Structures are given as C-alpha cells and as structure tokens.
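Reader: I'd like to go through the labels on this model one by one. Could you show it and tell me what sits behind them?

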Amino acid sequence: MRKAIIADDERVIVRGLKRLIDWEALGIEIVAEANDGTELMEYILREEPDVVVADIQMPGISGLEVLRRYNEHGGKAKFIFVSAYQEFSYAQEAIKNGAVDYLLKPVGEKDLEDAVKKALQILEEQNTAEIFKPEKDEFRKLFEDINNGRNYENEDLYQMFREEQIDLRDCFYVGISAGIRPDVAARLNEESFGQFNLTRFSVFNRLSEAFGSQKIGFIIKKDEDALHLMGVFPNEDREVFAEKYVEPIRDRVERECGVELCMGIGTATDEPPEMLQSYKEAKFAFGLYPFEEKTILDASKIHREYHVSFEDYKEDVEQAFRAIIAKDEHVMDWIDRIMDDIESIHYGNWNAVVMRTMTFAGDLGFKLNQYRLLDVDFYEMQDELQQKVYAQYTMASLKKCVHAHYEDLIQRVYAKGRSEDKVLIEDVKRYIRQNYNKDLSIKELASVACVSQNYFSAMFKKETGQNYKAYLTSIRMDEALRLLRETDYKTYEIGERVGYNNVRRFVDAFKQIYSVSPMEYRKALREK
C-alpha cells in the first residue's frame with residue numbers, strides 16, 4: 001500500500017480531497033493531514049510518503065518551498081499541487097521542480113484521480129529519468145500525457161499528427177487553446193443545445209483545417225470548451241507568429257461560422273519536452289477571458305501579483321456586515337471591496353469566483369436573517385441571487401450584478417430595520433417588566449431580541465434614549481417604591497423581590513436615584 005499526505009490551510013478542503021476519490025482502490029493510504037507548510041514538511045520527513053497533494057500557498061512555508069527543500073533531501077515522493085490561484089509562474093515553478101501536476105480549485109474528481117494515477121505510474125518506473133530519454137518520441141509522450149493514457153485518443157491524434165507531415169526543422173512550439181468565446185458559448189447553449197453543438201463542431205473543424213492546411217499546427221486534445229493545438233512556427237517568425245498566423249485564422253473562422261472566438265496562447269519553446277507546459281499555459285490563458293475580456297490571451301504577457309489573503313477577505317466580509325448594522329454611508333464600498341478580493345484570490349478560476357461569491361452572499365445573508373433584518377425569505381433570496389450570478393460570464397458584469405443586488409437589499413434592510421427595531425425593543429421591555437426580579441444579563445436580553453450583544457446595546461439606546469441597565473433599574477425602583485408604600489416587607493426582602501441578592505447593592509441603587517435610603521423613604525411616608 002502506497003502512502004499519501006494531504007495538506008491545505010482550509011480543513012474543509014482537506015476533508016474534500018480525502019472524500020473526492022477512492023484512495024484505497026488506488027492502493028493508497030492517507031497517513032497524515034497538514035494545515036500549513038511547516039507541518040507538512042515534518043510529516044513528509046517522518047512518514048516518507050509516496051504521494052503529496054498540497055496547496056501551493058500555505059501559512060509558514062509555501063507548498064513550493066516544501067518541494068524545493070524536499071528535493072534537497074533527495075526525496076522520491078511525487079507532488080500534486082492544488083491552488084485557487086491560476087498564475088502561470090506558480091505552475092511553471094511547480095513543474096520545473098518536479099511536480100506531477102497543478103490543479104485548480106475546485107478540484108474535479110477525474111482531474112485528481114488522473115493526477116494520482118500519473119504519480120503512481122512515475123513511481124513504478126525504476127528511474128524517472130528513463131521517461132525523458134532523448135530517444136523517446138516526445139510527440140507520442142505529449143499525447144499520452146495530455147490525454148491521460150486513453151489509448152484510442154492517444155493513437156488517433158498521434159497518427160493524425162504523423163500523417164500531416166509537418167516540417168519540424170528550424171521551428172518553435174506554442175500551445176494554443178481556441179474555442180467559442182465563453183460568454184457567447186453560454187448564451188448559445190441556453191438558446192439551443194443542439195445548435196450550439198453544431199456550431200462548436202464547425203468551429204473546431206475549421207480551426208483544425210486552417211492549422212493543418214498551412215502545416216503550422218496539430219490537434220493534441222479536444223474538450224467541451226476548446227480545441228487544443230500545438231502550433232509549429234518558423235523560428236524567423238517568433239516575434240510575429242500571433243499576428244501573422246493565429247489572428248488571421250481566428251478572423252477567418254469567426255466570419256465563416258458567424259461566432260466570436262477566444263484563444264489562449266502558451267509560452268514559445270524550442271524543446272519538445274516543454275510542449276506539455278506550453279499546452280497547460282494556453283489552457284490556463286483561455287480560461288482568463290472572464291477576467292481580461294480579450295479574445296487573444298498570451299500567457300507570457302500575463303503577470304499578476306497577489307496581495308489579498310483569505311484572512312483579508314474574511315475580515316472585509318465582517319466589516320461589510322458591521323457597516324450594514326451601523327448604517328455606514330460607505331457600506332457599498334465594502335461590498336465592492338469584497339468582490340475585488342474574490343477576483344484577486346481566484347483570478348483565472350471562474351468556477352471558484354462564482355462559488356466564492358455565493359458563499360459570501362450566503363454568509364452575509366445568514367447573519368442578516370439571524371438578526372431578523374430581512375423582509376424576504378432567506379432561501380428564496382439566495383436562489384434569486386444565484387440565478388443572477390450564474391447568468392454572468394465576466395468579472396465586470398458579476399461585480400455590477402452583486403453591487404445592484406446589495407444596493408436594493410440594504411435599502412430594504414434599513415427600511416425594515418426602522419420599524420423592526422421598535423418591535424424588538426418593545427418585546428425586550430415587556431420581558432424586563434415580567435422578569436425584573438431575576439438576574440438579567442445582556443446576553444439574555446440580546447437573545448430575546450435575537451441579535452448580537454453589541455447590536456442590542458446600540459439598538460436599545462437608540463430606541464429608548466437610555467441603556468438597558470438604566471431601564472432595568474428604573475423598573476426595579478418603581479416596584480421598590482410600591483412595596484415600601486403598600487407592604488411591611490423589610491429592606492432586604494424588598495431588595496430580593498426586585499432582583500437584588502445583595503441588600504447593600506439595593507440600598508446604594510435606591511439612594512442614587514432618590515437621594516434617600518429605603519428606610520428613610522418609608523419613615524418620611526409615615527410622618528406625613
């Protein structure tokens with residue numbers, strides 16, 4: 001049985017990766033779980049695993065740094081990185097340092113299983129270096145790696161490549177991913193699934209014919225979103241290959257098919273072993289359309305630094321909630337800032353952006369609902385927002401959608417809050433009048449109002465003009481006056497009946513309000 005370690009700073013991700021595939025069926029036992037890089041390094045050195053699945057960015061030591069240090073120890077374990085960041089430099093460095101694969105969150109079941117199987121295949125080789133011997137056909141290996149060992153597709157596409165007889169002398173290679181522009185594809189799919197498939201089939205065929213007829217590229221993979229090719233261009237055109245070959249093909253296919261296209265381009269390379277990385281970069285670049293809204297996305301020209309952490313995002317969500325409660329005039333700035341956080345954290349991973357947006361809306365909506373600030377059913381509101389969010393296909397349109405949603409929602413919260421707060425405070429005042437003789441705490445009163453303690457204090461003061469302790473004391477003192485006038489109870493008995501278990505505290509409170517002690521008050525009554 002092989003051994004594996006899973007590492008991610010979010011425990012829910014670790015649990016998800018453990019359940020995503022049948023590790024035991026693959027002959028693997030999960031021997032440890034780590035939540036930061038330092039912990040991962042300790043587990044690796046102690047457990048000596050065969051496979052490590054780790055987040056690329058973790059507190060302490062990053063996943064990449066763990067791999068670098070591990071390589072210095074001469075370790076044999078195979079690393080699979082997962083990340084919410086679609087950044088080419090991360091992927092490049094991971095692969096350069098020997099990682100088996102680089103997967104984007106949310107990780108799909110098949111992607112993870114394929115990556116793990118690939119790691120196991122490599123481990124079974126007596127010497128990993130044998131895979132990359134110069135005499136091995138790098139083009140056959142390219143098809144095998146990209147199509148995950150599916151023999152029919154491997155051989156079919158490989159034979160098509162051989163039949164095209166492309167001149168591979170004095171050339172360079174570039175991964176190219178091309179397909180219908182994502183937002184257009186979604187619209188066509190909604191209008192008619194059958195017509196969309198016909199259009200996509202036509203686009204893929206014309207792209208294949210265009211590259212094949214000019215002998216400047218060959219198909220390496222097809223999937224639902226894009227046709228993936230390996231471009232083969234003369235070295236003399238290295239600086240202008242996109243303008244000279246790629247853009248004219250795009251323009252022609254768009255005219256012939258009547259649909260807008262999008263293309264992702266990987267980094268140019270002279271070395272066949274690096275074609276796989278160029279393909280991955282092209283595929284990543286194709287997925288950047290929702291963020292960049294460019295029809296040709298060149299991986300080598302996209303550089304982005306990340307300065308926002310999940311901790312920053314969580315703090316901004318909390319600040320947005322506080323701003324809503326406090327009726328801060330800048331509340332929409334916080335909403336917009338959260339969407340900027342989501343874009344920064346999940347740049348390049350549109351599915352993660354959509355999921356994070358709904359998570360954020362759910363967390364904020366749940367709090368507002370918990371404090372009875374919504375005038376609509378929480379679940380209906382979430383369903384309505386989800387439909388709107390899923391109808392967006394670019395970051396710009398998603399931000400506008402979320403901004404409009406919260407502009408409307410916050411106005412409704414404020415309108416409801418003005419009348420709702422009055423009702424809540426009347427409930428609390430009634431509860432105090434019925435239970436003034438008990439030891440009432442702010443926690444108990446806030447629970448009656450179904451709001452937080454901080455919000456309760458501010459709300460009570462705003463609606464009554466005094467804090468809850470002053471109001472409670474006034475109710476108790478009114479009852480104490482009645483008992484002094486109408487009964488013969490002793491001072492300590494009256495104190496107990498109005499909620500004081502310490503006679504000294506009762507007398508001090510009475511004197512503070514009436515400037516006389518309970519005994520002095522009763523004596524004055526009898527002298528009249």
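**Labels and cut-offs**

Author: Let's start with S3 (residues 51-55) and S4 (residues 78-83), parallel strands joined by five bridges. This is a predicted model, where local features need pLDDT of at least 70, side-chain atom pairs count only at pLDDT 80 or more, and totals for chains, interfaces and linings use all residues. Residues are numbered from 1 along each chain as its sequence is written, and side-chain values use heavy atoms, leaving out hydrogens and water.

Reader: What makes S3 and S4 a pair?

Author: Two strands pair if DSSP finds at least two bridges between them, and here there are five. Val53 stands opposite Ile80 in S4.

Reader: Why are S2 and S5 called edge strands?

Author: The open sheet has five strands in the order S2-S1-S3-S4-S5, with parallel pairing. S2 (28-34) and S5 (101-104) each pair on one side only.

Reader: How do you know that Cys257 is in no disulfide?

Author: A disulfide is a pair of cysteine sulfur atoms within 2.5 Å. The nearest cysteine sulfur to that of Cys257 belongs to Cys262, 15 Å away, so that's too far for a bond. Searching the whole structure gives zero disulfides.

Reader: Why is Cys257 called buried?

Author: Buried means under 20% relative accessible area, exposed over 50%, partly exposed in between (1.4 Å probe, protein chains only). Cys257 has 18%, so it is buried. Cys262, with 0%, is buried too.

Key
Helices (H or I, at least four residues) and strands (E, at least two) are DSSP runs, numbered from the N terminus.
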